[in-house]
Amino acid sequence: MQRKLFNRLVWMVVSALIAILISATVSAQTDININDRNFIRVGGDVIVPANQVIENAHAIGGDVTIEEGARVTQTAIAIGGDVILAENARVDGDAYAVGGDIVRAAGATIGGSSQIFTEQGRWGMHGSRRRGIDGFWFHYLSSVAAHLLTVLLSAVVGIFILRWRPNFLLNLAETVREYPVQCALWGLGGIVAVILLVILLAISLIGIPLLPLVGLSVAIVVLLGTLGVALWIGEKTRAKSEHTPVQQLLMGLLILGLIGLVPGLGGLILSVANLVGFGAVLTWLLNKRQPQLSR
């Protein structure tokens with residue numbers, strides 16, 4: 001009894017620290033200035049002023065906005081935000097948005113490839129500010145639609161995995177059940193490692209082509225981990241003897257989906273679920289814990 005109480009207390013403390021870290025990460029802004037022709041910011045937006053010419057514009061945790069008549073000669077990359085081109089803005093090279101969109105006004109051009117890597121594992125009411133493009137309600141409703149579509153697609157993926165490799169998600173759910181604190185810590189460490197890797201790749205410039213691959217890989221891992229968390233939630237709410245793993249997964253996804261509809265708080269709670277799921281996958285891959293399936 002005392003051990004369970006202690007584990008719950010530790011879990012509450014870790015959750016609080018995670019929430020504080022996420023809030024601090026979002027609010028913190030760090031400029032990495034290589035020179036006057038490369039704009040890189042961690043934890044904020046990058047704005048290329050009107051009619052100005054630069055080489056690269058990168059935002060980690062924010063938007064890249066290229067104002068009217070401005071030009072980026074090489075790459076524009078937003079991780080966790082949008083790449084926004086105003087009228088007659090130009091990107092001569094490639095434009096990437098990891099977990100966001102690429103928005104082009106009339107007359108805006110992208111000379112190279114433009115790719116969007118939606119972060120499927122990140123659920124909840126989130127999104128960037130699109131200045132003067134979308135009204136509040138339009139953006140809110142579009143976010144709701146995107147969230148519901150993400151939950152639906154996640155359900156399809158989860159059912160497929162349960163039919164194809166059932167033990168994979170069952171092991172993730174068991175890992176979360178037996179070692180929640182370890183999963184949270186591994187997830188926290190993994191996110192810090194990913195942030196450091198992204199910063200190093202962005203600073204080096206030659207590693208820029210690898211950023212979409214890193215973002216896509218993290219998105220897949222987070223999605224798989226969150227499915228494991230959803231299955232664990234479904235197991236907690238439905239007796240194993242009465243419902244199949246598919247039914248438990250759908251129940252867990254329904255609960256997470258409803259939580260994601262709550263503005264602000266829902267996104268924070270789901271970020272914690274994503275982080276724990278990320279840590280569960282890392283724990284399983286690194287063989288730090290080998291849960292025994294009680295089935």
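**Salt bridges, strands and a helix pair**

Hi everyone, let me start with one side chain: Arg 177 has a relative accessibility of 40% and counts as partly exposed. On that scale, buried means under 20% relative accessible area, exposed means over 50%, and partly exposed lies in between, using a 1.4 Å probe and protein chains only. Please keep in mind that this is a predicted model, where local features need pLDDT of at least 70 and side-chain atom pairs count only at pLDDT 80 or more, while totals for chains, interfaces and linings use all residues. Residues are numbered from 1 along each chain as its sequence is written, and side-chain values use heavy atoms, with hydrogens and water left out.

Here is the overall picture. The protein chain has seven helices and 12 strands. Helices (H or I, at least four residues) and strands (E, at least two) are DSSP runs, numbered from the N terminus. Of the 295 residues in the chain, 44% are buried. Among contacts between residues at least 6 apart in sequence, 43% join residues at least 24 apart; a contact here means heavy atoms within 4.5 Å.

Back to Arg 177. Its side chain meets that of Glu 174 in a salt bridge, at 2.7 Å from N to O. The term covers a side-chain nitrogen of Lys or Arg within 4 Å of a carboxyl oxygen of Asp or Glu. Is Glu 174 buried or exposed? Glu 174 is buried, with a relative accessible area of 0%. Arg 177 also forms a salt bridge with Glu 178, at 3.5 Å, and Glu 178 is partly exposed at 29%.

The search of the whole structure finds four salt bridges. Which residue pairs with Arg 90? Asp 92 does, with the closest N and O atoms 3.0 Å apart. Both residues are partly exposed, Arg 90 at 38% and Asp 92 at 25%. Arg 71 joins in too: Arg 71, Arg 90 and Asp 92 are linked in a network of salt bridges.

Now for the strands. Strands of a sheet pair through backbone hydrogen bonds, either parallel or antiparallel. In this work, two strands pair if DSSP finds at least two bridges between them. Strand 4, residues 53-60, is mostly covered, with six of its eight residues buried. Strand 4 runs parallel to strand 6, residues 71-79, and seven bridges join them. One place to look is Asn 56, whose bridge partner in strand 6 is Thr 75.

Strand 6 has another parallel neighbour: four bridges join strand 6 to strand 9. There, Ala 76 stands opposite Ala 95 of strand 9. Strand 9 covers residues 95-98; Ala 95 and Ala 97 point one way, Tyr 96 and Val 98 the other way, and all are buried.

There is also an open sheet of four strands, in the order 3-5-7-10, with parallel pairing. Its edge strands are strand 3 (46-48) and strand 10 (102-104), each of which pairs on one side only. From one strand to the next, the twist averages 10°. Inside this sheet, three bridges join strand 7, residues 83-85, to strand 10, and Val 83 has Ile 102 as its bridge partner.

If you enjoy loops, have a look at two asparagines. Asn 51 sits in the loop between strand 3 and strand 4 and has a positive phi of about 65° although it is not a glycine. Asn 51 is exposed, at 62% relative accessibility. Asn 88 lies in the loop between strand 7 and strand 8 (90-91), with a positive phi near 60°, and counts as partly exposed at 46%.

Last stop, a helix pair. Helix 6 (residues 245-260) and helix 7 (residues 265-285) pack at an angle of about 140°, their axes 7 Å apart. The axes are lines fitted to C-alpha atoms over the stretch in contact, and angles run from 0 to 180 degrees between N-to-C directions. The two helices are therefore oblique to each other, since angles under 35 degrees count as roughly parallel, over 145 as roughly antiparallel, 65 to 115 as roughly perpendicular and the rest as oblique. Helix 6 brings Leu 256, Ile 259 and Gly 260 to the contact, and helix 7 brings Gly 266, Ile 269, Leu 270 and Ala 273. Thanks, and happy to look at any of these spots together!
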